[in-house]
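Let's walk through a protein together, one piece at a time. Keep the picture open and find each residue as it comes up.

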Amino acid sequence: MTSETPTNTPRPSPTDSPDGADRSTPSAGAQQQDGDWDRLDGCPAKTYCVLGDGALVAAVTDRLRARGATVAVVDELPGVDASRGAPVDIATLDGAGLDAETTVIAATASDARNLLLAQIVRVRYSVERVLVLVHAPDRVEPFADAGHDPICATSTLSAAVVDAI
């Protein structure tokens with residue numbers, strides 16, 4: 001069900017998004033951010049699971065599905081086809097079908113919650129690949145030391161803003 005995308009293949013950008021924004025023509029900043037999608041290339045996962053809340057979860061889900069990936073979503077907020085519930089709720093996570101082959105993306109607004117989610121899915125479900133959204137740049141190294149793949153929102157967004165100027 002999942003097709004791997006070679007690193008030299010341009011990433012599709014969905015034209016329809018939950019917020020109604022037209023994403024048919026990526027901005028310069030969006031082009032820069034596409035480099036982060038290379039972190040998913042070569043990943044043996046057949047499915048992805050995005051844990052979080054709100055617009056970021058919807059955007060990540062849209063982009064993964066546009067690549068042809070199978071995506072499970074756990075989100076507390078309406079706006080995306082997801083399992084409703086707190087991402088830290090074990091019963092909700094049990095329903096998401098996590099296993100060792102799933103790549104999990106922890107993308108809440110809280111670094112502490114993202115780290116907790118990463119630890120839970122790694123220990124309870126034996127998930128090998130966990131990408132963790134980190135908001136504070138000084139927390140990237142400790143998240144990596146814990147065995148996770150951190151993506152710093154602040155560094156990525158600030159680079160996109162400066163590159164767009």
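V161 sits in helix 6, which covers residues 153-164; helices (H or I, at least four residues) and strands (E, at least two) are DSSP runs, numbered from the N terminus. With a relative accessibility of 47%, V161 counts as partly exposed. On that scale, buried means under 20% relative accessible area, exposed means over 50%, and partly exposed is in between (1.4 Å probe, protein chains only). The areas themselves come from the Shrake-Rupley method with a 1.4 Å probe, and for residues only the protein chains shown count as cover.

Before going on, a word on what you're looking at. This is a predicted model, where local features need pLDDT of at least 70 and side-chain atom pairs count only at pLDDT 80 or more, while totals for chains, interfaces and linings use all residues. Residues are numbered from 1 along each chain as its sequence is written, and side-chain values use heavy atoms, with hydrogens and water left out.

Now zoom out. The protein has six helices and six strands, and along the sequence they follow the pattern α-β-α-β-β-α-β-α-β-α-β-α. Of its 165 residues, 39% count as buried. The accessible surface comes to about 8200 Å², and 56% of that belongs to carbon and sulfur atoms.

Next, the strands. Strand 1 is mostly covered, with five of its six residues buried. Strand 1 pairs with strand 2 (residues 70-75) in the parallel sense, over six bridges; two strands count as paired if DSSP finds at least two bridges between them. To spot this pairing, look for V50, which stands opposite V73 in strand 2. Strand 5 and strand 6 also run parallel, joined by four bridges, and here V132 has P150 in strand 6 as its bridge partner.

Which way do the residues of strand 6 point? In strand 6 (residues 149-152), D149 and I151 point one way, P150 and C152 point the other way, and all are buried.

A nonpolar core is a set of buried Ala, Val, Leu, Ile, Met, Phe, Trp, Tyr and Cys residues joined through side-chain atoms within 4.5 Å. The largest one here has 18 residues, and those with the most contacts inside it include C49, L98, V104 and Y125. Two or more residues each come from strand 1 (47-52), strand 4 (102-107), helix 4 (111-125) and strand 5 (129-134). Helix 4 gives the most, with five residues. Take V104 as an example: leaving out residues up to four places away in sequence, V104 touches C49, L51, L98, V121, V127, R129, V130 and L131, where a contact means heavy atoms within 4.5 Å. Another core, of 13 residues, lies apart from that one, and among its members are V50, V60, A107 and L133.

Charged residues have their own story. Side chains of opposite charge can pair when their charged atoms come close. A salt bridge is a side-chain nitrogen of Lys or Arg within 4 Å of a carboxyl oxygen of Asp or Glu, and the whole structure has three. D94 and R124 form one of them (3.6 Å, N to O). Because D94 lies in helix 3 (residues 90-94) and R124 in helix 4, this pair ties together parts that are 30 residues apart in sequence. R139 and D111 meet at 2.7 Å, N to O. In that pair R139 is partly exposed, at 40% relative accessibility, whereas D111 is buried, at 5%. D149 and R129 meet at 2.9 Å, N to O, and since D149 lies in strand 6 and R129 in strand 5, they tie together parts 20 residues apart in sequence.

One last stop is S126, in the loop between helix 4 and strand 5. Most residues other than glycine have a negative phi. S126 is not a glycine, yet its phi is positive, at about 55 degrees.
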